[in-house]
Structure formats: C-alpha cells, structure tokens
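Morning, everyone. I have one structure to walk through today. Please look at the screen.

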Amino acid sequence: DRVVLATRNMGKIVELRRILADASVPVEIVGLEEFPEIGDVAETGLTFAANALLKAHAVAQASGLPAIADDSGLCVDALNGMPGIFSARWSGRHGDDRANLELLLAQVSDVPREHRGAHFACAAALALPSGQERVAEGSLHGLIIDAPRGTNGFGYDPIFLPDGESRTTAELSAQEKDAISHRGRAFRALAPILAEVIS
Ligand code: ITT
C-alpha cells in the first residue's frame with residue numbers, strides 16, 4: 001500500500017519517515033516529489049487541524065492515493081500563542097528557519113524567564129481519495145531560551161527547552177526528540193488509524 005507524505009519541509013520529511021517506520025505501519029511512504037504536478041496548497045485554515053486536513057485532502061484528490069499531512073508550529077505564551085499556524089512564515093520568508101528564529105528571539109528578548117512558556121503543536125491528518133478523513137494532535141511544552149543551542153532537528157528547535165530537560169530539542173538525539181515531540185505523539189496516535197483505514 002502506498003501513502004503520500006504531503007509536505008515539502010525537509011525537516012518534517014526526515015522526522016515523519018522515522019516516526020512512521022518506528023510505528024511499524026505496513027505502508028510504503030512516497031514523497032510529493034513523485035507528483036511534480038501537485039502545486040502548493042493554500043493554508044487558509046485557522047487551526048493546525050484545519051490546515052493539516054486541507055493539505056491531506058488536496059494531495060489525496062490530486063494523487064488518487066491516501067495522503068498524510070502535518071501542520072505544526074510553536075505557540076509562545078508571551079506572544080498570545082503566536083507564531084502558531086504562522087510559524088513557517090513568521091519572518092515573512094516561508095521556510096527560512098534562521099530568519100524566523102531570529103525574529104522570535106528578538107520578540108521575547110525582554111520577557112523574563114518565568115514568562116517564557118511555549119509549546120510545539122502538531123496536527124497529523126489522513127485523507128483518502130474517497131473524502132474520508134482523520135486527525136490526531138500532539139504537543140510538547142517547554143520554554144524559549146535566550147540564544148540558540150544545538151544543531152539537530154529544524155525550525156525553532158535550537159531555542160526550545162522542553163519541560164524537565166536541560167537540553168534544547170536541537171540537542172536531543174533524533175530518538176529522544178521523537179519520544180516526546182508533538183510530531184511523535186500526533187503520528188503515533190494516527191498510526192493505528194492509518195493501518196486500519198488502508199487495510
Ligand atoms: P508543509 O506545509 O509543506 O508541511 P511547512 O514548513 O510550511 O511545510 P507548517 O506550515 O506546518 O509547514 O509550518 C511548520 C513550522 O513550525 C516549521 O517551519 C517550523 O518553523 C515550526 N516547527 C514545527 N515543528 C517543529 C519542530 O519539531 N521543531 C522546530 N520547529 C518546528
């Protein structure tokens with residue numbers, strides 16, 4: 001069985017293939033590069049779940065295969081939950097992780113540590129060409145530190161310290177991040193649904 005992974009974000013692709021492989025879902029994951037005719041999906045939803053479903057449905061319709069999508073982001077308490085669904089384009093340059101992280105750091109520079117709370121959120125969506133859909137969500141709570149640390153992961157990982165951790169998510173190993181991450185939680189919850197729906 002083939003399932004399309006509906007994302008163009010390399011950081012997510014690496015993590016999703018790993019998380020789904022570890023969850024032993026008996027499917028072959030194919031990337032969007034196999035469907036060059038599928039263009040970008042407008043992320044017009046107001047929630048992570050709405051945007052994940054938009055991406056999954058668009059790709060399931062266009063490819064004729066089941067599709068899974070991730071919509072995720074970092075919600076910062078001191079910024080009223082922003083950048084949230086705008087995390088990938090916070091600086092105005094979509095997918096420019098460095099620029100997004102620098103802007104966020106500047107925005108919280110005056111916020112004292114006790115008010116640096118934040119969480120990563122992920123919605124994992126599955127859509128079938130028939131229109132059937134499922135969503136699962138996951139989150140990871142922590143705080144924003146003053147300066148980037150670590151080179152693993154992607155996006156805002158170098159400035160995010162999970163609760164109870166002394167290392168940022170960019171200092172955790174891949175396996176350590178997957179075990180606690182918003183994406184790990186969301187996709188491990190979706191995995192049995194995926195296995196059931198495509199069997
Ligand atoms: P696709 O829509 O093609 O999947 P995208 O990068 O545009 O890719 P999103 O709109 O879901 O996807 O944005 C997710 C952003 O949230 C991502 O670019 C990072 O800035 C941030 N993010 C999500 N998960 C993260 C993680 O595990 N670690 C660090 N940053 C993360």
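Predicted model: local features only at pLDDT ≥ 70, side-chain atom pairs only at ≥ 80, totals over all residues.

Residues are numbered from 1 along each chain as its sequence is written.

Some terms. Buried means 20 or more other C-beta atoms within 10 Å of the residue's own; exposed means 12 or fewer; C-beta atoms are placed from the backbone. Helices (H or I, at least four residues) and strands (E, at least two) are DSSP runs, numbered from the N terminus.

Which residues of H1 are buried? Lys 12, Glu 15, Leu 16, Ile 19 and Leu 20. Seen down the axis of H1, they fall within an arc of 125°, so they line one face of the helix. That arc is taken from the directions from the helix axis to the C-beta atoms. After H1 comes Ser 24, with a positive phi near 50°.

Now strand S3, residues 67-76. How many of its 10 residues are buried? 10 of 10. Ala 67, Ala 69, Asp 71, Gly 73 and Cys 75 point one way. Ile 68, Asp 70, Ser 72, Leu 74 and Val 76 point the other way. In a regular strand, side chains alternate between the two faces of the sheet.

Next, pairing: DSSP must find at least two bridges between two strands. S3 and strand S4 (residues 117-127) run antiparallel, joined by 10 bridges. There, Asp 71 stands opposite Ala 123. Strand S1 (residues 2-5) pairs with S3 in the parallel sense, over two bridges. Val 4 has Ala 67 as its bridge partner in S3.
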